Amino acid sequence: KETNTMIASSTNSAKIASRTRLSSSSSSASIVTRKKNLRNAAKKVNTNNIRLSSSTSSEEQLIASENISDMPPLELDDKGIERVKLQKNGWETYKYQDKFDCNYISAGKENTGPIVVLVHGFGAHSYHWRYQIPYLAKKGYRVYALCMLGYGWSSKASEEQYCMEYWGEQVSDFVRTIAKATETDKAFIAGNSIGALAALYAASKGAPERTKGLCLVNAAGNFEPNAAPGSEKKTMAQKAVGTAQDMEEAEENNTLQGKLRVAFGKLAAYGIFYFTKIRIKTILNQVYDNDVDEDLVRSIAMAAEDPEARETFYAISLAGSRTQVKPRDLLENLNAPVMLLWGENDPWMTPTKAERIMEIKPSATYSPVPAGHCPQDDNPTDSNNAFVKWAETVA
């Protein structure tokens, strides 16, 4: 998950009295104690929210999926909520830049409702939108969730110079060529964590004329005035590996010192990669309110088994230092309607981040849900309902 982000200072669940004002209260309690309390409270809420209607059996709900001719195989989770079933080899693929195989999941392509493009965060993939795909397709939306290059079932392409502009351009291309959004048939674009930045880039710069609305889900990025581009804080990998400029200069010098610098940087990245790989579930549970299920853990582990995954992790660790675009500039230039779907109990991207965004876009719709960093997966029922409620208000 967003392993490279430092845990934010302890913050109690924020309540926002209006769309234009947010407040957040601080507590001196430890993060461990706060997390336990939030988890217990969220479970009580979710018990009521995610239960299936008594008038609809599990079998009837799955049968209803047959009305969507291109619906991927589905299953019910242990709470009876419908979701995409995990597949070892992924789903559909397309050629990006005529050379990279990129995976995506789609449903409802023959529907007549708006297009929705879903963008995952760091370390995740298209399957992280497993609950949204069937739900939105059944609501009449044309739904597309992509794996960005370097992630999930897409090509790892370890030789590419990753940065936010790179992924933003891929999302923009996906909106145009795969989702087939046009100036008269626009798409909603939603992104979680760093995927929110790629979605923001596409909506503001890459494909603004094809964007109907932007949904930021616990967005990463520094939205403070005069903030430098790139990561808000240096991650563990960035501290150990250094910047892209450092590595490029070391390689160009072709000296013993330069070669040792590059070798050390790669070894550091490899070590962090393997350490993260064995702690997937632990990391996810740190930022989820509800217990993480084994299929999600397994899906992330699958991607890490790719022979190029280790080298790609090193390449991605340099992405922040290559990024030149500033999130605040993109947001200020955005003309589309904005929704902030926010897990209130996220220890990484706390509600104070939403406050900064609302200062830039006071007309944005703020929809907090009792969840952690990935509300779309942590509390899918509330997240789905909030998104559809907002989307229906967008002309």
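**Entry 1. A helix over the sheet.** I began with helix α14 (residues 351-360), which lies across β8, β9 and β10. I noted that α14 runs at about 170 degrees to β9. I then looked up helix α16 (residues 380-391), which lies across β5 (115-119), β7 (187-192), β8, β9 and β10. For α16 too, I recorded an angle of about 170 degrees to β9. I kept in mind throughout that this is a predicted model.

**Entry 2. The sheet itself.** I next asked in what order the strands of the open sheet stand. I read the order as β3-β4-β6-β5-β7-β8-β9-β10, a sheet of 8 strands with mixed pairing. I found β3 (92-96) and β10 (365-369) at the edges; each has a single partner strand, so one side of each is left without a neighbour in the sheet. From one strand to the next, I noted a twist that averages 25 degrees.

Entry 3. Which residue of β9 is the bridge partner of V217? I identified L341.

**Entry 4. A loop residue.** I located F122 in the loop between β5 and α3 (132-138). Is F122 buried or exposed? I count F122 as buried, because its relative accessibility is 9% and the cut-off for buried is under 20%. I also compared F122 with S193: they are 71 residues apart in sequence, and their C-alpha atoms are 7.2 Å apart in space.

**Entry 5. Helix α4.** I checked the length of helix α4 (residues 164-177) against expectation. At 1.5 Å a residue, its 14 residues should span 20 Å, and I found the end C-alpha atoms 20 Å apart, which agrees. I then asked how many of the 14 residues of α4 are buried. The count is 11, so I describe the helix as mostly covered. Among the buried residues I listed M164, Y166, W167, F174 and V175; E165, Q170 and D173 are also buried.

**Entry 6. The whole chain.** Of its 395 residues, 58% count as buried. I noted an accessible surface of about 16900 Å², with 49% belonging to carbon and sulfur atoms. Among contacts with a separation of 6 or more, I found that 75% join residues 24 or more positions apart.

Key. Residues numbered from 1 in each chain as written. Predicted model: local features only at pLDDT ≥ 70, side-chain atom pairs only at ≥ 80, totals over all residues. Heavy atoms only, no water. Helix = DSSP H or I, 4+ residues; strand = E, 2+ residues; numbered from the N terminus. Expected span 1.5 Å × (residues − 1). Buried < 20%, exposed > 50% of the residue type's maximum accessible area, 1.4 Å probe, protein only. Contact = heavy atoms within 4.5 Å. Areas by Shrake-Rupley, 256 points an atom, 1.4 Å probe, with all protein chains shown as cover. Pairing = 2+ DSSP bridges. Axes fitted to C-alpha atoms, helices over the stretch in contact; angles between N-to-C directions.
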